[in-house]
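Have a look at the model below and keep an eye on its charged side chains.

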Amino acid sequence: MDDNAALLVIVDAANAVGSVPDGWWRDRRGAAERLRDRLAVDGLRGHEGPQEIVLVVEGAARGVEPVPGVRVEAAPGSGDDRVVELVAGSAGRARLVVTADRELRRRVTELGADVTGPRSVRD
């Protein structure tokens with residue numbers, strides 16, 4: 001594993017946004033943009049050192065643009081499948097997936113990624 005590489009933080013936007021009943025369903029894209037902006041400012045709290053943050057969006061949140069510090073990946077289909085692809089394609093470095101989805105957690109830990117819950121990126 002490359003100990004000098006930034007921690008790759010892959011955020012399941014739909015799961016993180018949906019973890020708090022704050023009306024996100026009325027504007028899914030806006031909710032994903034607010035999460036992106038929070039990540040750009042705060043990164044992943046509690047984790048020191050460099051981070052490469054990737055926000056995976058799907059459905060109505062497609063079209064969210066990247067900002068400095070946050071790359072945005074629009075899943076052509078399932079956001080979960082795109083998260084798994086990103087984890088699989090980044091073997092050899094530290095990876096942390098932000099999601100509470102049990103099945104997604106299982107899939108990415110089988111590939112060697114660590115997992116944390118949405119609270120790590122929410123207010």
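## A buried aspartate

D12 is buried (under 20% relative accessible area, where over 50% is exposed and in between is partly exposed, with a 1.4 Å probe and protein chains only) but has no salt bridge. A salt bridge here is a side-chain nitrogen of Lys or Arg within 4 Å of a carboxyl oxygen of Asp or Glu. The nearest side chain of opposite charge belongs to R105, 9.4 Å away; Lys and Arg count as positive and Asp and Glu as negative, while His and the chain ends are not counted.

What does D12 touch, leaving aside its neighbours within four places in sequence? It is in contact (heavy atoms within 4.5 Å) with V56, E58, D80, V98, T99 and L104. D12 itself sits in strand β1, residues 7-12.

## How to read the values

This is a predicted model, in which local features need pLDDT of at least 70 and side-chain atom pairs count only at pLDDT 80 or more, while totals for chains, interfaces and linings use all residues. Residues are numbered from 1 along each chain as its sequence is written, and side-chain values use heavy atoms, with hydrogens and water left out.

## The sheet

Along the sequence, the protein chain runs β-α-α-β-β-α-β-α-β, giving four helices and five strands. These are DSSP runs numbered from the N terminus: helices are H or I with at least four residues, strands E with at least two.

The five strands make an open, parallel sheet in the order β3-β2-β1-β4-β5; two strands pair if DSSP finds at least two bridges between them. β3 (70-74) and β5 (114-116) are at the edges with a single partner strand each, so one side of each lacks a neighbour in the sheet. On average, neighbouring strands are turned by 25° against each other, direction ignored. Between β4 (residues 95-98) and β5, the parallel pairing has three bridges, and V98 has T116 as its bridge partner in β5.

## Helices on the sheet

Helix α3 (residues 79-88) packs on the sheet, touching β1, β2 (51-57), β3 and β4, and its direction makes about 155° with that of β2. Angles run from 0 to 180 degrees between N-to-C directions, with axes fitted to C-alpha atoms, for helices over the stretch in contact. Seven of the 10 residues of α3 are buried, so this helix is largely enclosed by the rest of the structure. Among them is D80, one of the contacts of D12.

Helix α4 (residues 102-110) lies across β1, β4 and β5, at about 155° to β5. The buried residues of α3 pack against α4 as well as β1, β2, β3 and β4.
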